[in-house]
Amino acid sequence: MGTLTAALMIPSKLKPDSITENKPSYFLHRARRRTKKNQSIVPVARLFGPAIFEASKLKVLFLGVDEKKHPGKLPRTYTLTHSDITSKLTLAISQTINNSQLQGWYNRLQRDEVVAQWKKIKGKMSLHVHCHISGGHFLLDLFARLRYYIFCKELPVVLKAFVHGDEDLFNNYPELEDALVWVYFHSNIPEYNKVECWGPLKESSSPPGGPTGTHKDNNEDQLDTPQPCPEDCSCCFPQMSLIPWPQNLPTQVDGNQQNLVSGASLHDG
């Protein structure tokens, strides 16, 4: 996904010492400049920059997919990352997650990628989006609440990037924009380890509204997380998740805990 940057330094108010008070004016001037410089260091939290989708900053990579093939017949995933250097987004559209985008110490530290896959479950198409909130190292745990808020605020931009980047697919199959979007927040903190239904894609990817900028479906509490048939069938595709993740997520069926996605971390290997 994009980049979540948190500055951990908090500005301190420096009191002038006795030496500074007794020095000529040019010493006072230098002291003030140092103070301003220190005060400019403030906590920063940013994900994909402003919450506005800019098509000019999106780079799309098609890796072994065909826009003429329906995702209910050929696997289709999205891997979205962000570069702080170029301020551009990179979207890989492929049959499996593009792990090459997720390697390197910086990506392992930030864990701000967004990955998604199309699924046909019991004959209905849906888009399943995954975000890593916390777990892995203490910085992610420390800012779990902030990361959850920012992911929610910026997800409409992410979904808009999916729709724009895969424009030919949606032109060929416009009904896909009516598919429900399921967002999986992965965290080692139970409060943020959950699944949310964000409603139809065409509404979830529109400009954010409300105080938090989210598009959670009003009836989400009445919806069950879609589960594929337990045995091989023609109404579910693909049979296995294309997005392995180390944490378990609760389903919304009678409050039971079930393992929705399992396997190794995306950053392993």
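## Contacts of leucine 127

Two residues are taken to be in contact when they have heavy atoms within 4.5 Å. The model discussed here is predicted. Leaving aside neighbours within four places in sequence, leucine 127 is in contact with Tyr78, Ala116, Gln117, Trp118, Leu159, Phe162, Leu180, Val181, Trp182 and Leu201.

## The largest nonpolar core

Leu127 is also among the residues that touch the most other members of the largest nonpolar core, together with Tyr78, Trp118, Val129, Phe162 and Phe185. This core holds 38 residues. Helix α5 supplies the largest share, 11 residues.

In soluble globular proteins, nonpolar side chains tend to be buried together.

## Overall organisation

The protein has 269 residues, of which 43% count as buried. Its secondary structure consists of 7 helices and 11 strands. Of the contacts between residues at least 6 apart in sequence, 67% join residues at least 24 apart.

## Cysteines

How many disulfides does a search of the whole structure find? The search finds 0. A disulfide requires cysteine sulfur atoms within 2.5 Å. The sulfur closest to that of cysteine 131 belongs to cysteine 152 and lies 7.9 Å away, too far for a bond. Cysteine 131 is buried, at 0% relative accessibility.

For cysteine 233, the closest cysteine sulfur is that of cysteine 235, at 3.5 Å, which is also too far for a bond. Cysteine 233 is partly exposed, with a relative accessible area of 26%.

Notes
Residues are numbered from 1 along each chain as its sequence is written. This is a predicted model: local features need pLDDT of at least 70, side-chain atom pairs count only at pLDDT 80 or more; totals for chains, interfaces and linings use all residues. Side-chain values use heavy atoms; hydrogens and water are left out. A nonpolar core is a set of buried Ala, Val, Leu, Ile, Met, Phe, Trp, Tyr and Cys residues joined through side-chain atoms within 4.5 Å. Buried means under 20% relative accessible area, exposed over 50%, partly exposed in between (1.4 Å probe, protein chains only). Helices (H or I, at least four residues) and strands (E, at least two) are DSSP runs, numbered from the N terminus.
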